[in-house]
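Subject: the structure you asked about

Hi,

Here is the structure, as promised. Have a look at it first, and then read on for what turned up.

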Amino acid sequence: MKKVANNQIEGRNPVMEALKSHREIDKILVAKGAKEGSIQKIIAMAKEQGVFIQYVERQKLNELSESDNHQGVIAMVAAYKYSELEDILEIAKTRGEKPFVLLLDEITDPHNLGSIMRTADAVGAHGIIIPKRRSVGLTATVAKTSAGAIEYVPVVKVSNIAQTIDKLKSEGLWVAGADLGGKSNHFEADFTGAIALVIGSEGKGISRLIREKCDFLVTIPMVGKVASLNASVAAATLMYEVLRQRKNYGDK
């Protein structure tokens with residue numbers, strides 16, 4: 001995965017040029033109350049391209065600014081280049097393996113994404129898919145938390161997770177969602193075929209639409225007092241069950 005030199009673009013003209021060139025932008029921070037013509041043009045272009053816009057206090061931009069000339073707008077670009085869905089499927093084909101991918105539904109914590117990437121590399125997953133909106137991107141924090149896995153695990157950013165699920169199904173993948181309402185626990189599920197694991201957000205879990213798109217839902221059995229697991233821990237638990245079944249570790 002190729003690293004991008006800078007992951008922060010400051011100022012109206014630089015941000016506008018980044019949008020014109022269709023550079024991969026995770027989100028644009030705009031000062032609250034900024035209404036100048038150029039700012040409105042940036043907002044319009046960003047919305048047209050599906051780029052997430054976050055309105056923040058000007059003091060926040062002052063703290064983030066490296067140039068001291070942000071002019072009320074800072075664009076956060078990916079620290080690493082994203083891959084395409086076809087790249088993930090091709091990796092599986094090249095290895096002679098059934099596709100094994102992760103779909104992350106609105107994971108916003110960079111530490112969780114980095115940790116998931118680290119485990120994905122360890123178990124041999126072929127890639128990770130994230131949505132463009134309401135999701136953390138490939139930031140410097142994600143890169144650091146991944147402990148180097150960001151160099152080896154392709155990440156695809158898509159506009160519509162539901163449509164992407166349909167695409168994966170057309171390619172022969174089964175889609176399994178991690179959900180407290182699952183009818184069976186993950187030990188009972190069959191993960192030996194081509195599989196896409198769906199992991200929900202830290203607070204809300206899998207969204208209703210995505211839950212309905214899953215072929216089946218699985219739950220992770222817990223006997224303690226806490227009712228849920230951290231997203232990266234849940235993802236790791238399921239990923240290692242996929243590895244166990246595929247490699248025939250233990251009894252199944």
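Predicted model: local features only at pLDDT ≥ 70, side-chain atom pairs only at ≥ 80, totals over all residues.

Residues are numbered from 1 along each chain as its sequence is written, and side-chain values use heavy atoms, with hydrogens and water left out.

**Overall picture**

The protein chain has nine helices and 11 strands. Its C-alpha trace spans about 65 × 45 × 30 Å along the principal axes.

Of the 252 residues, 49% count as buried. Here buried means under 20% relative accessible area, exposed means over 50%, and partly exposed is in between, with a 1.4 Å probe and protein chains only. The areas come from the Shrake-Rupley method. Ile 39 shows the buried end of that scale: this residue of helix H2 (residues 37-49) counts as buried because its relative accessible area is 1%. Ile 39 and Ala 120 are 81 residues apart in sequence, and their C-alpha atoms are 39 Å apart in space.

**Salt bridges**

- Glu 106 pairs with Arg 134, with the closest N and O atoms 3.3 Å apart. This one links distant parts of the chain, 28 residues apart: Glu 106 is in the loop between strand E5 (100-104) and helix H5 (110-123), and Arg 134 is in the loop between strand E6 (127-131) and H6. Glu 106 is buried at 16% relative accessible area, whereas Arg 134 is partly exposed at 45%.
- Glu 212 bridges to Arg 208, and here the closest N and O atoms are 3.2 Å apart. The two are separated by about one helical turn, because they sit four residues apart in helix H8 (residues 208-213). Both Glu 212 and Arg 208 are exposed.
- Arg 95 and Glu 97 make a bridge with their closest N and O atoms 3.9 Å apart. Arg 95 is partly exposed at 45% relative accessibility, and so is Glu 97, at 36%.

**Surface patches**

Patches are built from residues with over 30% relative accessible area and no salt bridge; like charges are joined within 9 Å, and nonpolar side chains (Val, Leu, Ile, Met, Phe, Trp, Tyr) within 5 Å. For charge, Lys and Arg count as positive and Asp and Glu as negative, with His and the chain ends not counted. Each charge is placed at NZ of Lys, CZ of Arg, CG of Asp or CD of Glu.

Which residues gather in a patch of negative charge on the surface? They are Glu 24, Glu 84, Glu 86, Asp 87 and Glu 90. Glu 90 belongs to helix H4 (residues 85-95) and is partly exposed, at 41%.

There is also a nonpolar surface patch of about 340 Å², made by Leu 180, Met 222, Leu 229 and Val 233. Val 233 lies in helix H9 (residues 231-247) and is partly exposed, at 40%.

**Loops worth a look**

Gln 71 lies in the loop between helix H3 (58-64) and strand E4 (73-77), and its 36% relative accessibility makes it partly exposed. Ala 147 is found in the loop between helix H6 (140-145) and strand E7 (155-158); at 52%, Ala 147 counts as exposed.

Finally, Ser 228 is in the loop between strand E11 (216-219) and H9 and is partly exposed, at 45%. From Ser 228 to Lys 144 is 84 residues in sequence and 26 Å in space, C-alpha to C-alpha.

Cheers

Definitions and conventions
Areas by Shrake-Rupley, 256 points an atom, 1.4 Å probe, with all protein chains shown as cover. Salt bridge = Lys/Arg side-chain N within 4 Å of Asp/Glu carboxyl O.
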